[in-house]
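Work through these exercises with the model open in your viewer. Try each task before you read its solution.

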Amino acid sequence: MYSKKKQKIGILLGCLFAAVSLFSQSASGQSASAEESWPNRPISMIIPFPPGGVATVVGRPIADGMAKNLEKPIIMENKPGAGGGIGNAFVAKAKPDGYNVLFAMSSVSTIPETDKIAGKTASYSTNQLRPIGRITSDPLVIVVKNDAPWKTMTEFVADAKKYPGKYNFSSSGNYGTMQLPMEMLKTNQNIFVVHIPYGGAGPAVLAVLSGEVDIVASGPSTVVQNVKAGKLRALAHTGTGRMAALPDVPSLKELGIPVEYNQWTGIFVPKSTPEPIVKKYRDALRVAVNDNSIRSTIGNAGSPIDYLDEPEFQIFWDKDIAKMNEVVRKIGKLD
């Protein structure tokens, strides 16, 4: 009797294990099939800033190029706010199915740290994101309105030292890529220039063009055309050597000011995005950045392609996080 019961239990357990195994294989098969068929609907490229800045100038041709390769539309979706934090957090916490991709700028490295400095819970952590590739890496160009009294960076610094707090600078937001190099300049030259944060690079540059603000440090793609048109005057840039788009503009280091800063752009997805989807993204981005038409469009805007694929980009990003978080800790809490 006992033996028959034991036999029945064994048969039932065997059936149960078989059912679980079949379910597991079916689920695994469906998952693999979904990854292989990805994408089967439009993709959202999240831009964490308002329209009109570097993200728009660089992001749009890249999105179009990647969409051509992936054979599905990539819709640019602006989610501005918190210096880029809202859009970054949206993708960091999104379902890792490949349908939300982040077009980020270098502030993605520092926002979690600045949240902590401000006494807030970090909106996301950098380890929630996986880099796909870096697209551009540019120095910022420090510009003033064409009728401003300063013809050189040296003149502006001297005036700022003479009148602490009289002048102001705009940026894309607190601790963003447009504030950090100006704070580095202020610290190095012992000057006090008032920070006026805006909602993105576009509005920050417009504030200088309209005369609301005295000076701004912005990516080449947002100011080069206005410099060439005579609406803005470039005093210096934050890179090394001379820029191809503005060969007459000296670097801060060339002027004896040891401040160097590059603003970069890159593509990210949620950390646990399946490997087959990540590979398709990497392939699509690689094709886009090597497309002559796209390279020309972005290069003519003043931001030449400076591509890094995922492995190299991850190494670069790790170093950038460490370096720039040290800068924001020196700035400290902003009122």
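Predicted model: local features only at pLDDT ≥ 70, side-chain atom pairs only at ≥ 80, totals over all residues.

Residues are numbered from 1 along each chain as its sequence is written, and side-chain values use heavy atoms, with hydrogens and water left out.

**Exercise 1. Describe how H2 packs against H10.**

Step 1. Helices (H or I, at least four residues) and strands (E, at least two) are DSSP runs, numbered from the N terminus.

Step 2. Take the geometry. H2 spans residues 54-70 and H10 spans residues 292-300. Their angle is about 175 degrees, and their axes are 9 Å apart. Axes are lines fitted to C-alpha atoms, for helices over the stretch in contact, and angles run from 0 to 180 degrees between N-to-C directions.

Step 3. Classify. Angles under 35 degrees count as roughly parallel, over 145 as roughly antiparallel, 65 to 115 as roughly perpendicular and the rest as oblique. H2 and H10 are therefore roughly antiparallel.

Step 4. List the contact (heavy atoms within 4.5 Å). H2 brings Val58, Pro61, Ile62 and Gly65, while H10 brings Ile294, Thr297 and Ile298. By class, that contact of H2 with H10 has 5 nonpolar, 2 polar and no charged residues. Here Ala, Val, Leu, Ile, Met, Phe, Trp, Tyr, Cys and Pro count as nonpolar, Asp, Glu, Lys and Arg as charged, and the others, Gly among them, as polar.

**Exercise 2. Work out the orientation and the handedness of the H6 and H11 pair.**

Step 1. H6 (residues 180-189) and H11 (residues 310-331) pack at about 60 degrees, with axes 11 Å apart. That angle makes H6 oblique to H11.

Step 2. The crossing of H6 past H11 is left-handed. A crossing is left-handed if the near helix is turned anticlockwise from the far one by less than a right angle, and right-handed if clockwise.

Step 3. Leu180, Glu183 and Met184 of H6 touch Met324, Val327, Val328 and Ile331 of H11. The contact of H6 with H11 divides into 6 nonpolar, no polar and 1 charged.

**Exercise 3. Which residues lie nearest the centre of the largest cavity?**

Step 1. Phe49, Val54, Met105, Ser172 and Ala201 lie nearest its centre, out of 13 lining residues.

Step 2. Sort the lining: 7 nonpolar, 6 polar and no charged residues.

**Exercise 4. Is the peptide bond from Trp38 to Pro39 cis or trans?**

Step 1. The bond from Trp38 to Pro39 is cis, with omega near 0 degrees. Pro39 sits in the loop between H1 (2-37) and S1 (43-47).

Step 2. Now turn to phi. Ala82 is not a glycine, yet has a positive phi of about 55 degrees. Ala82 lies in the loop between S2 (74-78) and H3 (85-92).

Conventions
1 Å grid on protein atoms, 1.4 Å probe; cavity = no way out; pocket = protein on both sides within 12 Å on 5 of 7 lines; lining within 4 Å.
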